[in-house]
Amino acid sequence: MNISITFGDFKFSFSKNGGRGQIMALIGSMTSPIQGMLAQASAFGAISDNITNMNTGGFKTTDIRFKTVLASKFFNNGDVGGIMPIRAHNIEGQGSLNSTTNPLNLAISGKGFFIVKPQFDGTGDTRYTRDGNLELKNQGTETVNGFVRDNGDIDIISQTGENPISFDVDRAFLTDKNGNFLQGFLVDETGVVDDTQTVNMRVDQFAFISDSSATTTTTLINTLPSTAAPGSVERAKASVFDANGVLKSLEFVWTKGTAAQNWSLNVEPTAGTLTTITPTSFDFSSSGELPNPTTSSFNITWDDGQTSEITTDISLTRSIGSTFFYSEFQKNGRSPGDLQDFSFDHNGNVNGRFSNGVVRPLYKIPLATFANTNRLAIEQGNLFSETPESGTALVREVDKLGVAQLVPFFNEVSNVNLGSEFQTMILVQQAYNSSATVFKTVDEMISQAADLKR
């Protein structure tokens with residue numbers, strides 16, 4: 001009995017005795033080189049992708065590994081063997097850090113990922129990225145109502161004032177290069193970090209304001225003439241902030257007493273009334289220093305109803321020589337301030353600088369780490385997402401994470417090793433050529449078998 005088997009354009013006929021084993025052996029011999037060429041082609045595709053993205057920010061290389069494949073037995077022949085490619089992602093590998101002049105560039109040195117969300121309202125799947133080439137994205141507008149200050153800044157804190165103004169502003173948020181919103185922890189004015197949830201980070205001029213603060217402590221440094229006649233008066237002009245951040249003028253008035261080295265201190269507000277001051281009399285030592293007390297506290301009620309409670313340090317004031325010198329006056333407190341610009345630091349703080357001189361953290365950028373980083377799923381745009389194999393994200397502040405720090409003015413590019421990629425390319429090409437040679441040889445053998453006549 002003859003057996004006929006069709007393979008492609010060929011039809012083979014074999015006798016009952018041994019023919020079946022011959023043809024199945026030939027077909028099995030073709031399977032291995034075909035799988036080999038397909039596997040090496042997959043490896044070459046991964047190498048090509050790696051080399052193409054060697055300067056892509058946050059790109060992670062992919063290697064092709066192989067495993068053996070055994071099929072079921074055909075008749076009395078042994079298993080048909082072959083290989084199968086497996087993609088292995090080198091996501092955990094650190095990429096090179098390139099220095100830039102862009103203040104929006106921020107690199108991760110160590111483990112972890114930035115957290116981004118595709119939608120402004122927080123919906124959509126959370127994604128993770130190593131690419132710190134950040135951008136600003138306008139998202140909606142809001143109306144600003146306030147008053148123009150004397151220095152030209154906009155006061156949006158006070159309820160009343162001169163030169164009212166109203167206008168619309170664009171709200172700007174930090175995003176990655178794909179437009180996904182970078183997530184951060186909000187930080188209040190006292191420096192407390194809210195790590196219970198992440199938020200979109202708004203950083204335009206009117207995203208934050210620095211509240212005003214009343215003056216409560218001052219430092220006055222004068223040199224009083226010890227040779228002055230009793231009743232002589234020396235004046236030192238100064239100004240302090242009230243609770244609304246408005247500067248109020250006053251004068252410190254020194255009057256020489258009848259006793260040697262004795263001076264009395266009074267405060268005369270320009271538009272207000274001094275309610276209390278204690279102490280008022282000071283006795284300097286023979287060397288001109290002030291032994292005790294070294295401070296004076298006073299209260300003022302201003303004409304607009306505001307009040308001030310101030311303690312003045314005069315420990316560096318001296319009574320010596322014959323000439324009065326007004327050396328220095330310092331005070332705490334501040335006027336309201338607008339956000340002028342922001343910057344990053346190594347601990348993940350987004351620090352805001354305000355027009356009133358205040359510098360403070362606005363947000364803190366957390367990083368996400370995973371138990372099995374290399375098993376994250378690779379998404380479009382150099383993004384990654386969680387998988388059951390990677391585990392869930394552990395989100396923590398950078399300085400508490402202990403495995404990374406952020407590097408401002410740097411950008412992490414790919415972790416591609418060009419020399420290694422070209423070396424692997426040569427090996428892949430040789431393996432592909434060898435598989436193709438085997439395939440060609442088997443094809444010739446089948447052609448010979450097709451010509452056999454029984």
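Author: Start with the word strand: a strand, written E, is a DSSP run of at least two residues, numbered from the N terminus. The model is a predicted one.

Reader: What joins Asn292 and Pro293?

Author: A cis peptide bond, with omega about -5°. Another cis peptide bond joins Thr278 and Pro279, where omega is about -15°. Pro279 sits in the loop between strand E19 (272–278) and strand E20 (281–283).

Reader: Why is Gln261 called buried?

Author: Buried means under 20% relative accessible area. Gln261 has 11% relative accessibility, so Gln261 counts as buried. Its place is the loop between strand E17 (247–256) and strand E18 (262–269). Phi of Gln261 is near 65°, a positive value in a residue other than glycine.

Reader: Why is Phe409 called partly exposed?

Author: Phe409 has a relative accessible area of 39%, so Phe409 is partly exposed. Phe409 also has a positive phi, near 65°, and is not a glycine. This residue lies in the loop between E32 and strand E33 (410–412).

Reader: How do you know that E16 and E17 pair?

Author: Two strands pair if DSSP finds at least two bridges between them. Nine bridges join E16 to E17, so the two strands pair, and they run antiparallel. As one example, Phe241 has Leu247 in E17 as its bridge partner.

Reader: What makes E16 and E20 edge strands?

Author: The open sheet has four strands in the order E16-E17-E18-E20, with antiparallel pairing. Strand E16 (233–241) and E20 each have a single partner strand, so one side of each is left without a neighbour in the sheet. On average, neighbouring strands of this sheet are turned by 25° against each other, direction ignored.

Reader: Which residues touch the most other members of the largest nonpolar core?

Author: That core has 26 residues, and those touching the most other members are Phe114, Leu174, Leu182, Phe344, Ile365, Leu367 and Leu406. E25 gives the largest share of this core, three residues. A second, separate core has 23 residues, including Ala236, Leu265, Phe282 and Leu290.

Reader: What is Leu182 in contact with, leaving aside its neighbours within four places in sequence?

Author: Among its contacts are Phe114, Leu134, Leu174, Val199, Met201 and Ile365. Contact here means heavy atoms within 4.5 Å.

Methods:
Residues numbered from 1 in each chain as written. Predicted model: local features only at pLDDT ≥ 70, side-chain atom pairs only at ≥ 80, totals over all residues. Heavy atoms only, no water. Core = buried A, V, L, I, M, F, W, Y, C linked by side-chain atoms within 4.5 Å. Buried < 20%, exposed > 50% of the residue type's maximum accessible area, 1.4 Å probe, protein only. Axes fitted to C-alpha atoms, helices over the stretch in contact; angles between N-to-C directions.
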